[in-house]
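Dear colleague,

I am handing over the structure we spoke about, and my notes on it follow below. Please read them with the coordinates open beside you.

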Amino acid sequence: MPPQIQGIESDDVISLKRSDSSESALPAELDSSKQQLPSTSRQNGQYTVEEVARHNKKDDAWLIYKNQVLDITKWISHHPGGEQTIYRFAGMDATDELRAFHDDWVLEKKLPHLVIGTVVDAPAPSQLVQDFRELGEHFDKLGYFHVSPWFYVQKVMFVMSLFGCVLWLVLKEESVAAHMLGAVVLGIFWQQFAFVGHDCGHMSARTHARDHIDVHNLGALVTFFNGISVAWWKATHNVHHAMPNTVDCDPDIAHLPVFALHKQMFEGLFNKYHGRVMEFDWAARNIFVPYQHYWYYPIMAFARWNLYIQSVLFLSNSNDGHKGRNMLDLMALLGFLCWMPTLALQLPSWVEVVAFVLLSHAVAGLLNVQITLSHFSQPIFDSPDKEGVAKYGGDFFTRNVISSLDVACPTYLDWFHGGLQFQTLHHCYPRIGRQHLRKTEPLIASLCKKHSLPYSSKPFWDCNVDIVKTLKSAALDARKWSPMIYESMCAQG
């Protein structure tokens, strides 16, 4: 296991102070990844960083990419990765965010018509940012953003063999034990298929840089078998990757009334992703949050039901830049709602049907544990609206290292974790193929050590202990909190 560096106390909200060297700006020479976008007739304005920063609204949104100013106002609603993923960085330098999720050739093809000028006073990137960019270029030269086609042939064959086992155990066997084993295998099937869908959604399952992964149709296939809308997943997951553990922006830590990771969440924060106040209501204060460390695993066993609800809500409402995917995803979800009950109803008694459904979903809840382990126990970043702190926890690489926790495990358990065990690397370079994650981990650990970034990697058991401790700490704070205390703090004399 690579060396672990002591991190920041997780019970404190992180407020990283701004510094002139923390902003990103790429030089225009050297390799293709640092070349300017092709020039256009609109590319004639000159702007300061301060001028760009004023265009930070959804209806007036500029951002900086490789020292060029882009007007993204009309593009926001068409962004395939979701509206919030892009407009939350309006007024900022988003070079590293854009490059993390897209190939350079895609950006060079899609962005030129958005260019309106250049930045005349862009600060030089910090040494940390330069080193992380160079590491990404090193991975690219080694071919780590592509995988062998046989890697996913084997994965898909394994996943579909699990589904075949489920059908055999339910339809051909007669014993209760065989049927319950089928439920366990179905839960593992959902977990493993989700890993494949996750890789495709991040464009990390390609055999060549210009391979086109049809996320639209593949996503519908995943929705059909898993019952969770991939369009909904992309809308939330991309925002999570872009601003992880930001207290009022990251949807993956916004779980009131059942969970609150920090006492700031007791104050009725307005959540920017959901567009509403996440109330610390009676149920949160009296039933869930004060005892959330006890509730954690039981809720994870039922969490999949909430994902079904979120998928239905997403597909039935105007949503985050994914309207074109709704119909196909909705049809796939209806398909799941046909085959899953039909399969369960083949069992001979209602007791077995209910047990089969509950057990399969509880086993699939392992995935919810794996996802939350990677971030729940890590530091929480202040709201980007707070004065004097770096937005979203600092530069792209710093915020993703600090907010991520790796799971140290032997190679023979890589299949079980599906690449999520290398969370730090995955967050900094989300397009790296799962096939290459283990051999790249030492490099990012070494780079974190060089810059005194708190890279964390712990065994699976220790990660579980950490998350329970985090939840317990916030639970104890919740027991001492009252609306009257909060109102008195907010009162103005």
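Strand S5 (residues 68-71) and strand S6 (residues 115-119) run antiparallel to each other and are joined over three bridges, where two strands are taken to pair if DSSP finds at least two bridges between them, and where helices (H or I, at least four residues) and strands (E, at least two) are DSSP runs numbered from the N terminus. Within this pairing, Val69 has Gly117 of S6 as its bridge partner.

The model is a predicted one, in which local features need pLDDT of at least 70 and side-chain atom pairs count only at pLDDT 80 or more, while totals for chains, interfaces and linings use all residues. Residues are numbered from 1 along each chain as its sequence is written, and side-chain values use heavy atoms, with hydrogens and water left out.

The two strands belong to an open sheet of five strands with mixed pairing, in the order S2-S6-S5-S4-S3. Strand S2 (45-47) and strand S3 (56-57) stand at its edges with a single partner strand each, so one side of each has no neighbour in the sheet.

Helix H5 (residues 127-141) has 15 residues and, at 1.5 Å a residue, should span 21 Å, which agrees with the 21 Å between its end C-alpha atoms; the expected span is 1.5 Å times one less than the number of residues. Among its buried residues are Leu128, Phe132, Leu135 and Phe139, buried meaning under 20% relative accessible area, exposed over 50% and partly exposed in between (1.4 Å probe, protein chains only). The buried residues of H5 pack against helices H3 (95-101), H14 (396-402), H16 (423-428) and H17 (437-450), with contact meaning heavy atoms within 4.5 Å. After H5 comes Gly143, whose phi is positive, near 80 degrees.

Searching the whole structure gives 13 salt bridges, each defined as a side-chain nitrogen of Lys or Arg within 4 Å of a carboxyl oxygen of Asp or Glu. One of them joins Glu97 to Arg399, with the closest N and O atoms 2.8 Å apart; Glu97 lies in helix H3 and Arg399 in helix H14, so the pair ties together parts that are 302 residues apart in sequence. Both Glu97 and Arg399 are buried.

Lys458 and Asp466 also meet in a salt bridge (2.5 Å, N to O); Lys458 counts as partly exposed at 22% relative accessibility, whereas Asp466 is buried at 17%. Finally, a network of salt bridges links Asp248, Lys272 and Asp385.
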